Amino acid sequence: MKNYELRITDNNTGFLLSRKTVKMLSLLFFIVLAGLQTNAQVAASIDSTSILIGEEIRYKMQVEADSSEIVIFPEGQTFSPLEVIESYKTDTTKNGRKFNLIKEYALTQFDSGYYTIPRQKVMVGDRVFFTDSLKVEVRDVLVDTTKQKMYEIKPLVEVDASFFNWKKYLWWILIPLLLIGLITFFVLRRKKKKEAKQKELPPYERAILALQRIDESHLLEQDSHKEYYSQLSDTARKYIDEEVYDHAMESTTDELIARLDEEIKKGSLNLDKQTIEELKTVLKTADMAKFAKSKPDIGTAKADRNVIEKVINETKNAIPEPTEEELLADEEYRKTVAEKKLRRKIIFGSIAGVGVITITLMIFIFVKGYDVVKDSLLGHPTKELAESEWISSAYGAPPVTISTPKVLIRNNFQLTEEQKQILKGNETFVYGSLIGNFFISVSTIQYNQKTEVDLNKIVEGVVGNFESQGAKNITVKDEEYETLAGAKGIKVYGSLEVMNSVTKKEQKSDYLMLNFAENGGFQQIMVVFDKEDRYAKDVAQRIINSVELRNAK
């Protein structure tokens with residue numbers, strides 16, 4: 001028989017087929033369901049069957065159930081003799097009318113030996129399912145005592161039992177609260193002053209009200225002449241201070257009278273000379289009562305009170321009406337004051353707004369973390385993929401059903417005549433690129449004749465396939481894999497480094513690859529993602545968990 005070799009090369013999959021080594025079809029992906037369930041709806045697996053003392057084992061349960069069914073996973077230390085380090089949140093994906101639920105546990109053991117993880121009970125609606133028991137080897141950490149120096153056991157040291165360092169965040173909480181308190185204080189104080197000023201009576205009405213209160217005080221009957229004349233003098237001075245001369249309160253009697261004479265001469269005050277003299281007499285009497293303990297008789301005191309009222313009334317009438325120029329100047333002044341108030345409101349409002357935004361950001365950073373807040377505000381390509389509306393679709397023939405954040409694009413190439421002798425078709429669908437944040441590839445092959453593919457040989461071609469695309473420092477691990485519907489395959493996973501042609505820097509990536517030989521063909525699903533991308537691993541696992549071969553039994 002003629003012996004020949006057939007090569008099919010594609011930039012995305014890099015398959016190499018030969019009649020002798022048809023089984024060496026390369027590419028990448030995902031996590032193992034090493035334990036086969038008693039029912040196809042429930043499956044369990046572990047990521048490793050051999051660990052060192054204290055290392056972590058990931059125990060994963062996958063359940064496919066209707067949306068109306070309640071699924072209850074085991075909780076507590078049901079995995080004894082292994083200990084549960086952490087129980088992770090359940091991840092749910094929708095596949096048609098079904099929900100795929102994935103629950104993971106972190107297990108460990110601190111004694112070496114061979115252990116069996118017992119069967120776990122899962123409730124799906126009113127039905128009870130049990131997983132298979134799984135065997136685990138826990139190995140000792142070998143220490144070369146000829147090279148490793150031994151030390152004395154150190155004494156016990158007291159440590160702070162508090163898991164939360166509140167002192168570290170104290171100022172971050174107090175400073176925003178202090179700023180809010182100060183802003184609130186000044187705003188309320190300003191508001192109260194404004195309201196109080198609006199409630200104040202005009203100067204004339206306040207002066208008349210002050211005289212009425214003096215009458216009702218009965219100070220003369222109580223022989224309090226000093227207090228009586230002090231209030232009488234202050235009432236006159238305050239009115240003049242507000243309406244005529246703004247230094248009347250601190251001026252002496254002579255200085256005040258002299259200033260009033262000047263206002264009369266300038267024509268800004270139409271008071272007659274006799275009224276000024278009467279005011280001068282009363283103020284002099286008040287000075288004597290306050291400083292020389294003079295006590296005028298009650299009749300004189302009441303007459304002086306009437307003089308002050310007369311002076312106030314005549315002063316009110318003596319103030320000339322403002323001219324048109326003064327009114328315009330006053331209107332301009334009020335506009336200027338209003339604009340200043342508006343500017344102050346805008347400034348205070350802006351400061352308050354910035355303060356509120358800053359405090360809100362600090363709270364979110366404290367609760368969610370800086371990276372999450374930054375990515376939410378500025379955006380992150382992989383985070384946007386995770387939060388977008390995912391699409392479930394079937395690709396290739398035999399078909400591979402998979403959920404992805406973006407539709408995969410067909411990568412067409414023509415088979416040669418020699419290739420057509422072996423293959424019916426070779427289809428590849430991709431998203432992204434190997435040097436980007438995220439790369440997805442789904443490839444399917446159909447054979448003309450029934451061909452048995454040895455999936456164990458796939459691992460041998462992984463390194464060569466990646467090296468042909470410029471990758472280096474490639475690590476490869478493989479294990480058996482089974483979907484919820486029972487399609488069995490090989491999962492290949494590891495890490496690699498590739499030169500980014502844009503940034504000219506080495507990019508460290510992880511990859512996951514699933515390989516199946518179902519329905520008379522070959523199917524390969526691969527995901528490559530940036531190792532330092534904090535969202536990529538969860539997106540990759542969600543994609544892999546959704547993989548199913550539509551006709552698999």
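## Ground rules

Because the model is predicted, local features need pLDDT of at least 70 and side-chain atom pairs pLDDT 80 or more, while totals for chains, interfaces and linings use all residues. Numbering starts from 1 along each chain as its sequence is written, and side-chain values use heavy atoms, with hydrogens and water left out.

## Helices H2 and H3

Helix H2 (residues 203-217) and helix H3 (residues 225-243) have axes that come within 10 Å and cross at roughly 175°. Helices here are DSSP runs (H or I, at least four residues; strands are E, at least two), numbered from the N terminus. Axes are lines fitted to C-alpha atoms over the stretch in contact, with angles from 0 to 180 degrees between N-to-C directions. H2 and H3 are therefore roughly antiparallel (over 145 degrees).

On the H2 side, the contact (heavy atoms within 4.5 Å) includes Pro203, Tyr204 and Leu211. Among the H3 partners are Tyr228, Leu232 and Glu243.

In the loop between H2 and H3 sits histidine 218. Histidine 218 isn't a glycine, yet has a positive phi of about 55°.

Tyrosine 370, in H8, is one of its members, along with Ile357, Leu361, Ile365, Leu377 and Leu378. Together they have about 630 Å² of accessible area (Shrake-Rupley, 1.4 Å probe, only the protein chains shown counting as cover). Patch residues have over 30% relative accessible area and no salt bridge, with nonpolar side chains (Val, Leu, Ile, Met, Phe, Trp, Tyr) joined within 5 Å and like charges within 9 Å. A salt bridge puts a Lys or Arg side-chain nitrogen within 4 Å of an Asp or Glu carboxyl oxygen.

## A cis proline

The peptide bond from serine 80 to proline 81 is cis, with omega near 20°. Proline 81 is in the loop between strand E4 (71-72) and strand E5 (83-87).

Definitions and conventions. Angles under 35 degrees count as roughly parallel, over 145 as roughly antiparallel, 65 to 115 as roughly perpendicular and the rest as oblique.
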